[in-house]
Amino acid sequence: MSSTRFTDTDHKWMSLAIEIAGRGAGYVSPNPMVGCVVVSKDGEKIGQGYHERYGQAHAEVNAIKSVKRKSDLEGATVYVTLEPCAHYGQTPPCCEFLADLPINRVVVAMEDPTTKVDGKGIAYLREHGIQVDVGLLERKAKDLNEFFLHAHHFARPFVMLKIAQTLDGYIAAADSNSQWITGEAARTKVHEWRSRYDAVLVGRNTARLDNPRLTVRHVEGRQPKRIVIDGPLELPKKLNLFSDQYEEKTIVVTHNREKVEEKGDPMLKMLESNYFRGKTLLVSEKDGHTDLDEMFKKMRGEGIQSVMVEAGQSLASALIKERLVDKIACFIAPKMLGAGTRSIMGTGINRMDEILEFTKVQWKKVGNDMLFTGYL
């Protein structure tokens, strides 16, 4: 953390950089979201930009390109939410790009913790005579990129469990019907989340009973990958996940090695044929079920940094029991069933001193429903 005393003006421009960085949500993963603002030596904003799509130009390049008169860059300050990259990837190093400009100062919200950068971008700029101040609105910058940072530090995706339940804790009626417990505003919010998370995960029971599409429909945004856990590899190919226009985004997770390796198996033929253009992810079996921890670690290898779980009771409870949930978003509808399927059961907690407590707790009204969010 820098000991630099940042001015109100510094806070103003970095706040804007963080705001515009968020426009890349869902589109830049597995890269982080980055925003950049360019301010002239006279204190006027002369350019801004953000990382818009994975594989395309970074925020710094887009911001500099937006500057109409290049002479205005003389003595300018660049505000960027993440340390400029210092390696060749899909694009050249941003630190070298900035160092070639007649700017005087770069203000960085947070350092890039990845091994390819990790202070190298800041060091390069300083070595080339540019003043670099680090740590302005660092907490907000880290919160913006919690998926990216979590995947880097823990080698598995950030996992949010979404629950929609009645006031008395049920997610479905006794006849298994769950449509609709929450209102339209809550369902729209879920579609917003889908557009921001890399993948949406369901279990085989949810896939079989609800036949969900797990697509973004109520808002504009990127379509996420769709992951279904099918340990025995027996789900029918007629389900939406295997047959709609986004089938290539579906990943089937299974522990049935014999079926995967048996070339004559009908399910494998389905997975390898034109009927289904998605992927299979083979993981180990653990206590008769798919190894969830291994599944998430393998997801990282698929470029997945964030997963929203839209599960039934069994999968949701298993994830909590194995401490694989990082955040819970629970909609509570002003309705009661009195019987049916509970949201969470059998987590292995039997005493009050074992109780799970949440941090960063928030309550928000969404339509007629209440939304609880908290971190575990």
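A polar contact is a pair of N or O atoms within 3.5 Å, where, within protein, one atom must be able to donate a hydrogen and the other to accept it. In this predicted model, such a contact of 2.7 Å joins the side chains of Asp 112 and Thr 114.

- Asp 112 is placed in the loop that runs between strand 4 (105-110) and helix 4 (120-127).
- Asp 112 has a relative accessibility of 7% and therefore counts as buried, since buried means under 20% relative accessible area.
- When neighbours within four places in sequence are left aside, the residues in contact with Asp 112 are Leu 82, Glu 83, Val 117, Asp 118, Gly 119 and Phe 148.

**Aromatic pairs and the cluster**

- The model holds six aromatic pairs, and one of them, formed by Phe 147 and Phe 158, is tilted, with 5.3 Å from centre to centre and 40 degrees between the planes.
- Because Phe 147 belongs to helix 6 (residues 146-154) and Phe 158 to strand 6 (residues 158-166), this pair ties together parts that are eleven residues apart in sequence.
- Both partners are buried, Phe 147 with a relative accessible area of 18% and Phe 158 with one of 3%.
- Phe 147 and Phe 158 also belong to one aromatic cluster, together with Tyr 197 and Tyr 375.

**Charges over rings**

- Tyr 375, a member of that aromatic cluster, has the charged end of Lys 360 over its ring, 4.8 Å from the ring centre.
- Arg 53 lies over the face of Tyr 27, at 3.9 Å from the centre of the ring.

**Nonpolar cores**

- The largest nonpolar core has 43 residues, and those with the most contacts inside it are Met 14, Val 37, Val 38, Ile 103, Val 106 and Leu 125.
- Helix 1 (residues 8-21) gives the most to this core, contributing six residues.
- Ile 103, once its neighbours within four places in sequence are left aside, is in contact with Leu 73, Gly 75, Ala 76, Val 78, Leu 98 and Ile 130.
- Another core, of 30 residues, lies apart from the largest one, and among its members are Val 159, Leu 281, Val 309 and Ala 311.

Key:
Residues are numbered from 1 along each chain as its sequence is written. This is a predicted model: local features need pLDDT of at least 70, side-chain atom pairs count only at pLDDT 80 or more; totals for chains, interfaces and linings use all residues. Side-chain values use heavy atoms; hydrogens and water are left out. Helices (H or I, at least four residues) and strands (E, at least two) are DSSP runs, numbered from the N terminus. Buried means under 20% relative accessible area, exposed over 50%, partly exposed in between (1.4 Å probe, protein chains only). Contact means heavy atoms within 4.5 Å. Rings of Phe, Tyr and Trp (its six-membered ring) pair if their centres lie within 6.5 Å; planes under 30 degrees apart count as stacked, over 60 as edge-to-face and the rest as tilted. A charge sits over a ring if NZ of Lys or CZ of Arg is within 6 Å of the ring centre and within 35 degrees of the ring normal. A nonpolar core is a set of buried Ala, Val, Leu, Ile, Met, Phe, Trp, Tyr and Cys residues joined through side-chain atoms within 4.5 Å.
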